[in-house]
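Dear colleague,

I am handing over the structure below, and after it I set out what was found. Please read the notes with the structure open beside them.

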Amino acid sequence: MSVTVLVGSQWGDEGKGKVVDILSEHYDVVVRYQGGANAGHTIKIGEKQFIFHLIPSGILHDNVTCVIGNGVVVDTKALLDEIDFLKKNGYEIEGRLLISQNAHLIMPYHKLLDSISESGENKIGTTGRGIGPCYIDKYARKGIKIIDLLDKEELAKKIKRNLEEKNNLLKNVYHREELDVDKIIEEYSAFDEAIDPYITDVPNYLNRAIEEGKSILMEGAQGALLDVDHGTYPYVTSSNPTSGGACTGTGIPPTKITDVFGIVKAYTTRVGLGPFPTELLDETGEKLRTIGAEYGATTGRPRRCGWSDAFLLKYSATINGISKVAITKLDVLSHFDEIKVCVGYELNGKKLNTFPATAGILEKVKPIYETLPGWQQDITKAKSYDELPTETKDYLKFISQQAGFELGIISVGPRRRETIILDNL
Ligand code: GDP
Ligand code: IMO
Ligand code: MG
């Protein structure tokens with residue numbers, strides 16, 4: 001029995017979807033605990049590609065039950081589209097998808113307010129999925145939950161109350177057209193039948209599953225450096241992707257967590273604004289983007305690319321309590337004759353001992369690099385660690401030692417079969 005939290009160790013898009021799909025074979029339940037349809041988790045099986053935004057990436061295994069926890073913010077329409085897509089592709093999901101009654105709903109005004117705030121000066125570069133405004137309402141105790149869909153009267157009351165405030169804001173502050181209350185009530189009142197079969201008391205379900213000896217994998221979205229508390233604030237998302245969020249976002253207590261699996265991309269990417277010390281704004285960055293196909297799975301935006309940052313990874317491993325790591329996209333580095341790894345930061349000529357606490361300082365640091373030789377050969381067919389070139393093994397040893405983590409999986413391509421599982425796993 002294990003209760004594993006799987007987290008992104010950088011700024012998201014580390015390849016969590018692929019690794020969750022691989023690990024799901026050994027788990028009974030896969031749970032999303034935070035974020036919403038801002039996530040885009042890709043799974044490639046042969047030439048077929050799936051991108052999940054809300055449904056946990058374990059869904060392609062028919063023995064796995066997938067759960068959306070209370071910490072997730074749910075865009076009902078996006079969720080129903082994903083369910084439809086799976087059904088059309090022959091996946092049976094009835095009885096295998098459970099949604100917490102306490103998950104909050106993304107409403108049309110959340111998306112609108114997200115886009116308005118992104119058109120101003122204090123832009124973050126969000127995904128535009130209404131994530132920030134929805135979490136604002138949750139913490140302001142005004143949110144509308146999944147369970148509210150089942151009581152039409154209560155739902156209408158809550159929508160009206162919220163829209164009074166939002167329309168006032170839209171009209172008098174942003175000078176925009178007001179939203180149509182009746183239309184939104186009508187749209188959301190119609191979701192009950194489609195969503196009802198999935199609504200569940202999730203903490204009860206998960207804790208019973210643990211008592212029965214079932215194994216649970218908790219699938220983080222985004223990454224540690226996008227965490228609202230521990231990330232590069234304010235250039236973060238509005239939830240806690242770090243491992244601590246897995247407890248509050250599901251109702252599984254900390255004493256039940258057995259291990260934390262960190263997903264680490266072999267270089268670094270980031271979408272949206274914010275500090276990125278190892279970013280490469282030159283040909284090398286462009287080469288990483290092209291070879292790594294670094295375009296957002298949710299918005300299609302080009303991802304910013306740079307060398308691996310072991311100093312950042314060490315911080316990430318510490319705040320997440322990472323026990324094992326899957327390193328992904330190692331094959332992308334096959335095309336470089338030398339590979340740099342950041343091992344520390346310098347600020348005003350002084351080496352920093354700890355990861356900077358503010359985005360302002362992180363903007364100013366200078367990365368200290370070690371240069372390693374590349375291997376320049378195809379590693380996508382490697383089936384074991386021993387088959388990897390010496391330079392590849394040296395790179396893996398170096399980064400593990402600098403960041404202070406232990407490898408469990410090496411991913412050498414986007415497909416399921418392009419994966420090396422190490423003996424210690
Ligand atoms: P996630 O959000 O962490 O699930 O990651 P994304 O799906 O947004 O982005 C990861 C991208 O890299 C996807 O297009 C994956 O298909 C792809 N990918 C995952 N692992 C590997 C790998 O080892 N090598 C290569 N070349 N691509 C990979
Ligand atoms: P997955 O789960 C990469 C980024 C956005 C923006 C910031 C805030 O696929 O790794 P938001 O819409 O959440 O308010 O945007 O966070 N961001 C992601 N970047 N991967 C993601 O998810 C992301 N989800 C949000 O680009 O910088
Ligand atoms: Mg992604």
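Which residue has a polar side-chain atom that lies 2.9 Å from an oxygen atom of ligand 2? In this model, which is a predicted one, that residue is N38.

Turning to ligand 1, you will find 18 residues surrounding it, with K16, G17, T42, D331 and S411 the closest. Polar backbone atoms take part here, that of G15 being 2.8 Å from an oxygen atom of ligand 1 and that of G40 being 2.9 Å from an oxygen atom of ligand 1, while R303 contributes a polar side-chain atom that lies 3.0 Å from an oxygen atom of this ligand.

The remaining point concerns two helices. Helix 3, which covers residues 108-118, packs with helix 4, residues 131-139, at an angle of about 120°, and their axes are 7 Å apart; the two helices are therefore oblique to each other. Their crossing is right-handed, and the contact is made by Y109, H110, L113 and D114 on the side of helix 3 and by I131, P133, C134 and D137 on the side of helix 4.

How values were computed
Residues are numbered from 1 along each chain as its sequence is written. Chains are lettered from A and ligands numbered from 1 in the order in which they are written. This is a predicted model: local features need pLDDT of at least 70, side-chain atom pairs count only at pLDDT 80 or more; totals for chains, interfaces and linings use all residues. Side-chain values use heavy atoms; hydrogens and water are left out. Axes are lines fitted to C-alpha atoms, for helices over the stretch in contact, and angles run from 0 to 180 degrees between N-to-C directions. Helices (H or I, at least four residues) and strands (E, at least two) are DSSP runs, numbered from the N terminus. Angles under 35 degrees count as roughly parallel, over 145 as roughly antiparallel, 65 to 115 as roughly perpendicular and the rest as oblique. A crossing is left-handed if the near helix is turned anticlockwise from the far one by less than a right angle, and right-handed if clockwise. Contact means heavy atoms within 4.5 Å. A polar contact is a pair of N or O atoms within 3.5 Å; within protein, one must be able to donate a hydrogen and the other to accept it, and residues adjacent in sequence count only if both atoms are side-chain atoms. A residue is near a molecule or strand if one of its heavy atoms lies within 4 Å of it.
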